[in-house]
Amino acid sequence: MRTLLKLNAILAALLFLNASTIAQGYEPSRGQDGDSVSIAAKDFNDNKPTAVSVKKLQQENQRLKQALDQALASLEQTKVNQVNLEKQLEQAATQTQSLREKLWFNSNAFSKFLAKLIASGEQPKQMMVMEHLKQTRNEAAVHEKSYMPVSTELVNKVIELVESDNEEIRKQAIDTLMQISPARAHEAGFQNTPSGYWRPVVSASHRVAQIHEALEHESNMRFDEDPLGDIAQVIRQQYQINFQVDEKDRDKEITLDVRGQSLASALDQLAKKLDLVVAIVGEGVQMLPADHADARSTATFNARGLINGDITLDQLAELASDQVKTPSKVTKIGKYQLIVQATISEQRRVSLVLGSLSTTK
């Protein structure tokens, strides 16, 4: 499109140049010395136009006009092609949306069918469904294709199988759940934790969940007599968390090398230099005195995936309690949950203890 517009401009300029030759003379910018057009132009410049000169320039003007007409026609055809292409793209978008809706409908209907097979209570059918779900998920991962999420109803049915008395069904259900819905598996108390860290279930705001995730990121920080206020700014920018320090501590110079450690560990060491503790307050992170009312937050650990014939919730609660100091505390809720009201450092120690059990099972 732009090329045609440039061509139009050039041709129009040439027409104008030729048309003005009779009045102002014509200095050819193109053509070889001695060609008929150059000679005719020279005749005009020397004020001795002839019938031959006029005819040659008229022929040149006619040639340029024909070229301009062709360029304009090509431009119009390009516009028509563009309109047609836009219509085709619009049709393709409509068809794509229609196919997506059909795919969603078919996938949803198939998920309901699989949920019914699980609800039938027939173990061969249940095993078949879970094998199908895992295979589909694995194939999508191998071929790097998008994976159509299964329905909530189907995920719930798989979660129900976690309580099965049949150990084979139960193990298959846990494995399937962790593959098709890691978030729901985590909420249900099952995690794939090769790092040995048992993550708490975060039921607070999305921002608090992001803070917990950021705390596990590796730190590459090293400070040499840097003001605490500058350090806080680096942490805010690098980890995208709202990290605040007390105004009276902002100018304190800190020397600290926490490269290769988690952000949680780095903040804990930073706080110890000031005789403070790290705490999640609202939707941000602060360093507070240990006896401050906001120094302790609540973390819920679903330990379902850890409890078996050898490990009980009472034993887990006792292990967790050994990692906190009064006034921090650990409370048992229901059959599987531990509520840990403690500093972030203490909660992390509980996470590591639980995680070590998951890797040795």
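The accessible surface of the protein comes to about 21800 Å², and carbon and sulfur atoms contribute 50% of that area. Such areas come from the Shrake-Rupley method with a 1.4 Å probe, and for residues only the protein chains shown count as cover. The model is predicted: local features need pLDDT of at least 70, side-chain atom pairs count only at pLDDT 80 or more, and totals for chains, interfaces and linings use all residues. Side-chain values use heavy atoms, with hydrogens and water left out, and residues are numbered from 1 along each chain as its sequence is written.

Of the 361 residues in the protein, 39% are buried. Here buried means under 20% relative accessible area, exposed means over 50%, and partly exposed covers the range in between (1.4 Å probe, protein chains only). Among the contacts with a separation of 6 or more, 58% are made by residues 24 or more positions apart; a contact means heavy atoms within 4.5 Å. The secondary structure comes to 13 helices and eight strands. These are DSSP runs numbered from the N terminus, helices being H or I with at least four residues and strands being E with at least two.

Helix α9 (206-215) has V208, I211, H212, A214 and L215 as its buried residues. Seen down the axis of α9, these residues fall within an arc of 165°, so they line one face of the helix. The arc is that of the directions from the helix axis to the C-beta atoms. On the face of α9 turned away from the buried side are the exposed residues H206 and E213.

Helix α10 takes in residues 228-239, 12 residues in total, and spans 16 Å from its first C-alpha to its last, close to the 16 Å expected at 1.5 Å a residue. The expected span is 1.5 Å times one less than the number of residues. Buried in α10 are L228, G229, I231, A232, I235 and Y239. They cover an arc of only 160° around the axis, which puts them on the same side of α10. After α10 comes Q240, which has a positive phi near 55°.

Strands β2 and β5 also belong to an open sheet of three strands, in the order β2-β5-β4, with mixed pairing. Its edge strands are β2 and β4 (277-281), each of which pairs on one side only. Two strands pair if DSSP finds at least two bridges between them. Between β2 and β5 there are two bridges, in the parallel sense, and Q244 stands opposite Q286 in β5. Strands of a sheet pair through backbone hydrogen bonds, either parallel or antiparallel.

The antiparallel case is found in β7 and β8 (residues 337-342), which are joined by five bridges. I333 stands opposite Q337 in β8. The two strands form a hairpin with three residues between them, and G334 in the turn has a positive phi of about 65°.

Side chains of opposite charge can pair when their charged atoms come close. The structure holds 11 salt bridges, each being a side-chain nitrogen of Lys or Arg within 4 Å of a carboxyl oxygen of Asp or Glu. One of them joins K332 and D314, with the closest N and O atoms 2.3 Å apart. K332 lies in strand β7 (residues 329-333) and D314 in helix α12 (residues 313-321), so the pair ties together parts that are 18 residues apart in sequence. Both residues are partly exposed, K332 with a relative accessible area of 42% and D314 with 46%.

Another salt bridge is formed by the side chains of E216 and R348, at 2.6 Å from N to O. E216 lies in the loop between α9 and β1, while R348 lies in helix α13 (residues 344-360), so this pair ties together parts that are 132 residues apart in sequence. E216 is partly exposed at 28% relative accessibility.

D69 and K65 also meet through their side chains in a salt bridge, at 3.3 Å from N to O. These two residues are four apart in helix α4 (residues 51-119), which means that about one helical turn separates them. D69 is partly exposed at 38% relative accessibility, and K65 is partly exposed with a relative accessible area of 43%.
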